[in-house]
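Please walk through this model with me, one region at a time. The sequence and the structure come first, and the explanation follows.

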Amino acid sequence: MTAVPHTFVVLVENKPGVLNRVASLFRRRNYNIHSLNVGTTQDPRISRMTLVVYTDPAKAPLIEANLYRLVNVIDVQDVTDRPTVRRELALVKVRAPRGLRTEIINLATVFRANIVDATPETLTIEVTGTPEKIDSLIEMLGAAEVLEVVRTGVLAMTRGTVQGKRHLPQGEPAAPAMAAA
Amino acid sequence: MPPKMTGARMLWESLLREGVEVVFGYPGGSIMPVYDAMLDYPVRHVLTRHEQGAAHAADAYARTLREQRKVGVAMATSGPGATNLVTGIATAFMDSSPVVFITGQVAAEYLGTDAFQETDVTGVTMPITKHNFLVTQAAEIPRVVREAFHIARTGRPGPVLIDLCKNAQNDEAEFVWPEQVRLPGYRPPERADPDALARANALLRQAQRPVILAGQGVLISGAMAQLQALAETAHIPVAMTLLGLGALPLTHPLALGMMGMHGEYFVNMAIQHADLLIALGMRFDDRVTGKLEAYAPQARKIHVEVDPAEINKNVPVDVALLGDLRTVLEQWLEVVEPQRHDAWLTQIEAWRADTRRRDVVEKVKRNGGGPLRGAEVVQRLWETTANADTIITTGVGQHQMWVAQYYRFGQPYRLVTSGGLGTMGFGLPAGVGAAIAHPDKEVWVVEGDGGFQMTQAEMATAVQEGLNLKIVILNNNYLGMVRQWQELFYERRYSAVLLHNPDFVKLADAHGIPARRVTQRREVDAALAFARQQRGPVLLEFRVPPEDNVFPMVTTSDPLHRMMRRPDQEPHVERTANWAGAAP
């Protein structure tokens with residue numbers, strides 16, 4: 001069994017404790033969460049999670065099925081192999097002594113990143129992109145001393161009208177029904 | 001304008017609308033408004049002696065009233081009251097039992113302050129409930145109760161907990177009963193996908209050696225008739241899980257009996273040699289499969305399940321049919337073609353004959369002597385009560401397996417036992433719940449001497465409620481199943497399994513319960529007759545050999561067909577037999 005990253009888009013009811021239920025499920029079933037992002041959607045009753053989990057591909061349907069055991073989970077899509085826009089935001093604080101500042105700023109420009117904070121000792125870079133792009137910026141900054149990194153975890157959205165994969169037959173998709181209610 | 005009332009009254013108004021007639025529970029500080037309001041409602045409250053007892057009783061109440069789609073209700077206060085429920089909640093969760101647990105909680109303004117008797121009960125029970133609710137406002141109560149009962153009884157049933165803050169019980173709000181349940185994320189599958197069904201039916205047509213594995217799902221969805229029709233039409237023998245016993249009467253020619261770790265040899269042989277397994281509402285538990293890599297190696301597998309998370313969890317299957325079991329079997333019966341598998345059934349009968357030769361009871365009959373055996377007591381109990389309307393509850397361990405092997409269940413909903421969690425002490429409180437659900441039936445509790453002592457306080461409940469409850473203790477003076485494992489796998493180094501037991505007859509007497517001790521084979525029938533004549537609780541203690549074992553047995557690391565059979569020589573049984581006559 002080889003664990004590879006799988007990306008799930010999960011719609012949940014916007015109620016207290018739902019994040020805890022999802023996290024508790026993953027702990028209990030011993031699934032390895034790489035990143036988890038939660039936020040609001042256009043519908044205030046629904047929150048959206050993007051979950052990246054390391055799993056054997058054969059076990060991906062089980063993760064989906066277990067998520068559906070949670071009453072507050074409305075929809076689960078596996079977007080791993082689908083055309084998807086994937087974005088992550090990171091803030092990277094580096095030590096920036098006089099001799100390195102220009103180089104760091106040039107590097108940020110190459111990555112279309114912004115300098116969002118500057119002090120005599122440090123620069124903070126805001127970068128958005130795929131997780132790979134952010135990895136690569138941090139690697140390139142290696143010459144400078146990286147003091148702090150914070151990353152949001154990846155957000156995913158399928159392209160155009162493409163739908164994520166639903167491993168299980170789930171009857172009526174719930175989200176439109178909810179919107180109509 | 002909807003009527004205004006306190007949250008406590010709203011709770012009872014809501015419970016009555018869900019058809020609740022009986023509540024098992026134990027009062028305390030944070031649930032007192034609910035207990036006060038209860039006096040004004042037509043509800044029977046059963047005061048158990050421990051919250052765990054209330055939980056198991058509500059569980060058994062629900063399991064024995066499946067046909068009426070009843071949900072059990074157990075109630076306790078916050079903190080220790082709620083934590084005492086936890087074993088019972090986990091038991092109900094593992095066995096998919098529909099129970100709504102209601103716990104008091106400190107007032108919302110004190111949540112998170114470590115107030116007196118405050119425990120994060122929704123946090124504690126999250127992994128052992130199907131769903132749970134924390135209610136901080138009175139107005140939420142009707143909707144929450146409606147949703148809780150809906151979730152508990154539909155799909156794959158399970159326990160749901162409602163944690164009710166004290167202010168929500170005291171505050172007044174308008175009572176609005178929701179006409180509909182609105183749970184957008186809760187959609188249990190109902191009908192199987194027709195393409196998957198066609199593939200399943202094609203596998204069945206090709207099969208030469210099919211076996212049906214009937215689990216508790218058959219009982220939960222009430223699919224007994226559909227199971228029998230499928231088995232008869234396609235001529236398929238039916239093996240059952242522990243919780244599936246009763247799915248098909250054991251008198252039926254196609255009924256095999258229990259599979260798995262302590263299943264009969266011929267049943268496991270049939271599974272291991274099958275070329276098709278049709279799993280109906282069962283979950284390939286490790287106690288059923290033995291060593292997974294060697295499980296039914298030649299068999300294609302069809303899994304009919306309502307819970308998608310069970311598909312491919314332990315055993316990869318060829319076809320999954322998701323839906324309500326009875327509905328799916330009805331769909332299947334529309335397309336199934338008649339088949340005969342005579343050669344296959346002849347082979348199974350040959351294995352069965354070899355099983356019979358080694359049977360404990362057959363052996364006792366042949367030899368006519370030796371000590372009274374636990375298996376024999378259960379066999380006599382079955383022969384005595386088979387024609388009566390009887391429910392058996394058990395604890396967990398050797399006595400439980402003897403019940404599964406020797407009480408030949410002919411009807412569904414007649415065995416109440418803790419399968420998944422294996423909760424010792426389940427038997428007596430479960431008997432309380434079953435006896436309250438079925439005052440017209442004979443309810444027998446079969447317990448071991450160890451497990452009985454875990455929950456023996458519920459004897460007082462049985463007396464207080466005037467329950468017609470027959471308690472059988474198979475006393476071997478040991479924690480028998482642990483001792484058996486120590487004998488077989490730890491070189492007979494017995495560690496913390498010997499019990500210094502009380503005098504069970506005197507203990508019963510202290511409760512005003514008539515009791516008899518049985519040490520000899522010739523006393524068994526008279527004791528059973530004595531128990532059956534009593535109205536109200538009665539206790540029988542049977543002294544059985546301390547070093548008796550449950551066979552056949554498959555160890556957890558062995559394939560299912562590699563069984564430790566019933567031995568011809570049983571020196572330990574003989575050697576230790578004479579303790580039975582000793583004083584307690």
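Axes are lines fitted to C-alpha atoms, for helices over the stretch in contact, and angles run from 0 to 180 degrees between N-to-C directions. Helices (H or I, at least four residues) and strands (E, at least two) are DSSP runs, numbered from the N terminus. This is a predicted model, in which local features need pLDDT of at least 70 and side-chain atom pairs count only at pLDDT 80 or more, while totals for chains, interfaces and linings use all residues. Residues are numbered from 1 along each chain as its sequence is written, and chains are lettered from A and ligands numbered from 1 in the order in which they are written.

Start with a helix pair in chain B. The axes of helix 15 (residues 360–367) and helix 16 (residues 374–385) of chain B come within 9 Å and cross at roughly 95°. That makes helix 15 of chain B roughly perpendicular to helix 16 of chain B. The cut-offs are these: angles under 35 degrees count as roughly parallel, over 145 as roughly antiparallel, 65 to 115 as roughly perpendicular and the rest as oblique. B:V360, B:V361 and B:V364 of helix 15 make the contact with B:A375, B:E376 and B:Q379 of helix 16. Two residues are in contact if their C-beta atoms, placed from the backbone, lie within 7 Å.

A second pair in chain B brings together helix 3 (residues 51–64) and helix 18 (residues 427–437). Their axes come within 7 Å and cross at roughly 45°. Helix 3 and helix 18 of chain B are therefore oblique to each other. Helix 3 of chain B passes helix 18 of chain B in a right-handed crossing; a crossing is left-handed if the near helix is turned anticlockwise from the far one by less than a right angle, and right-handed if clockwise. On helix 3 of chain B, the residues that meet helix 18 include B:G53, B:H56, B:Y61 and B:T64. Among their counterparts on helix 18 of chain B are B:P429, B:V432 and B:I436.

Now turn to helix 8 of chain B. At 1.5 Å a residue, its 13 residues (194–206) should span 18 Å, and the end C-alpha atoms are 19 Å apart, which agrees. The expected span is 1.5 Å times one less than the number of residues. B:L197, B:A200 and B:L204 of this helix are buried. Seen down the axis of helix 8 of chain B, the buried residues fall within an arc of 60°, so they line one face of the helix. The arc is that of the directions from the helix axis to the C-beta atoms. A residue is buried if 20 or more other C-beta atoms lie within 10 Å of its own, exposed if 12 or fewer, and partly exposed in between, with C-beta atoms placed from the backbone. The face turned away from the buried side of helix 8 of chain B carries the exposed residues B:D195, B:A202, B:R205 and B:Q206. What covers the buried residues includes strand 9 (210–214), helix 10 (224–234) and helix 13 (325–335) of chain B.

B:A192 sits in the loop between strand 8 (172–174) and helix 8 of chain B. B:A192 is buried, with 25 other C-beta atoms within 10 Å. Residues that B:A192 touches include B:L197, B:L321 and B:V328, not counting residues up to four places away in sequence.

Some backbone details in chain B deserve a look. Most residues other than glycine have a negative phi, and most peptide bonds are trans. B:N477 has a positive phi of about 65° although it is not a glycine. B:N477 lies in the loop between strand 18 (469–475) and helix 21 (480–489) of chain B. Is B:N477 buried or exposed? B:N477 is buried, with 23 other C-beta atoms within 10 Å. Phi of B:R492 is near 60°, a positive value in a residue other than glycine. B:R492 is exposed, with 11 other C-beta atoms within 10 Å. A cis peptide bond joins B:F551 and B:P552, with omega about -5°.

Chain A has five helices and nine strands. Buried residues make up 29% of its 181 residues. The contact between the chains takes 20 residues from chain A and 16 residues from chain B. Helix 2 of chain A gives the largest share of the side of chain A that touches chain B, five residues.
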